[in-house]
Amino acid sequence: MAVAHNFLPDQYDRDLDLKINHNYLLEQFSDKEEVLAKISDLVSRCDFTLGREVDDFEENICSLLGAKYAVGVGSGTDALFLSLKALGVGNGDEVITTPYTFYATIGAIVTAGARPVFVDIGEDYNMDPERIEDVVTERTKVILPVHWAGLPCDMQRIRTIAKKHNLNIVEDACHAILARRHGTYAGRFGDTGCFSLHPLKNLNVWGDGGYLVTDSEDIYQRMLLLRNHGLVGRDECAEFAYNSRLDTLQAIVANHLLNKLEDITESRIANSHYFDNQLAGLDEITLPSRPKDVQQVYHLYVVQAQRRNELKNYLQSFGIDAKIHYPVPMHLQPAARKFNYSRGDFPMAERICQTVISLPVHEFITREQQDYTVTKIKDFYAG
């Protein structure tokens with residue numbers, strides 16, 4: 001299998017040609033001079049790794065989410081991986097998760113040495129709690145739910161199952177900063193909650209970054225070791241570990257964006273509700289379930305569409321950045337062949353992957369652009 005050296009630049013160039021885009025970073029950082037001034041101060045100090053702004057960011061996240069501890073790491077993927085390692089997950093262990101997620105979720109499980117054990121999803125695109133106990137074995141160590149597109153899973157039910165079987169919970173909340181269910185933030189139900197700072201997340205930075213939150217002092221202390229080579233101090237290594245430090249530069253950007261996060265969240269919710277209202281009458285579009293007493297933060301706005309691939313191409317031809325997140329579920333990826341799953345094992349996830357389409361709902365999309373998008377969707381089905 002030939003591997004592309006770097007397929008992203010071509011993708012960036014193609015996306016720039018679209019008028020209504022998922023990428024909104026130019027607008028979001030129109031005040032970049034403020035950030036650059038703070039980075040200039042960083043350059044004069046040169047504390048590029050684990051500098052004081054990392055401590056500030058961790059304290060800010062604890063205050064925001066009501067967590068006892070936060071640890072900044074190199075990416076959301078690392079937050080998941082290191083959480084699993086901190087909980088003792090290794091070779092021969094099993095981690096229960098969803099086949100409808102981004103590759104990183106499964107990559108974190110596999111690189112930690114464990115086997116991913118999938119359960120199908122429900123109409124909300126999240127892990128179906130009613131299926132979890134069917135796959136619990138003596139090797140199961142962790143349940144890893146994914147709050148897909150910023151919609152929190154049914155964590156009350158998942159916590160009950162975890163407690164019954166003495167399992168840990170690692171939440172993949174990379175899509176879900178400020179999402180809530182029954183008043184509790186995503187990432188605050190499990191042993192750890194893991195978040196991404198990837199440039200297109202709701203809270204983002206100028207590269208890769210991530211963090212996790214926990215109320216466990218034991219997990220917190222272990223994470224401090226795991227992210228920084230196992231160092232207790234400059235001259236003492238307690239265990240040989242990893243290099244996954246949140247860069248000081250990225251912490252500066254994240255702290256800057258934290259002041260805007262409430263507005264970002266409210267805008268995404270309002271834009272998504274507007275799309276819901278405008279698309280609700282179309283027989284060819286199926287909206288996911290919107291549970292009550294839940295705040296979904298819409299990292300992605302995802303619906304099901306008839307003739308999905310044709311619709312995507314049609315919208316893109318009119319400059320609308322329609323995307324598919326994602327066309328192939330994890331159990332059918334080439335990397336998953338060694339786990340012996342087959343087509344038909346998770347019918348809901350497979351159907352969703354064949355029909356979902358994502359529309360831009362970030363804070364800079366205008367009502368005019370949303371109306372244009374809806375008009376083109378209606379034109380496609382009317383034609």
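Begin by selecting arginine 45 and glutamate 53, whose side chains meet in a salt bridge with an N to O distance of 2.7 Å; the term stands for a side-chain nitrogen of Lys or Arg within 4 Å of a carboxyl oxygen of Asp or Glu. This is a predicted model, in which local features need pLDDT of at least 70 and side-chain atom pairs count only at pLDDT 80 or more, while totals for chains, interfaces and linings use all residues. Residues are numbered from 1 along each chain as its sequence is written, and side-chain values use heavy atoms, with hydrogens and water left out.

Colouring by accessibility (buried is under 20% relative accessible area, exposed over 50%, partly exposed in between, with a 1.4 Å probe and protein chains only), you will find arginine 45 partly exposed at 26%, whereas glutamate 53 is buried at 14%.

Next, select glutamate 130 and arginine 157, which form a salt bridge whose closest N and O atoms are 3.3 Å apart. This pair links distant parts of the chain, 27 residues apart, with glutamate 130 in the loop between strand 3 (115-118) and strand 4 (140-143) and arginine 157 in helix 7 (residues 155-164); helices (H or I, at least four residues) and strands (E, at least two) are DSSP runs, numbered from the N terminus. Glutamate 130 is exposed at 54%, and arginine 157 is partly exposed at 26%.

Finally, move to aspartate 321 and lysine 323, where the closest N and O atoms of the salt bridge are 3.2 Å apart and both residues are buried. The structure holds 21 salt bridges.
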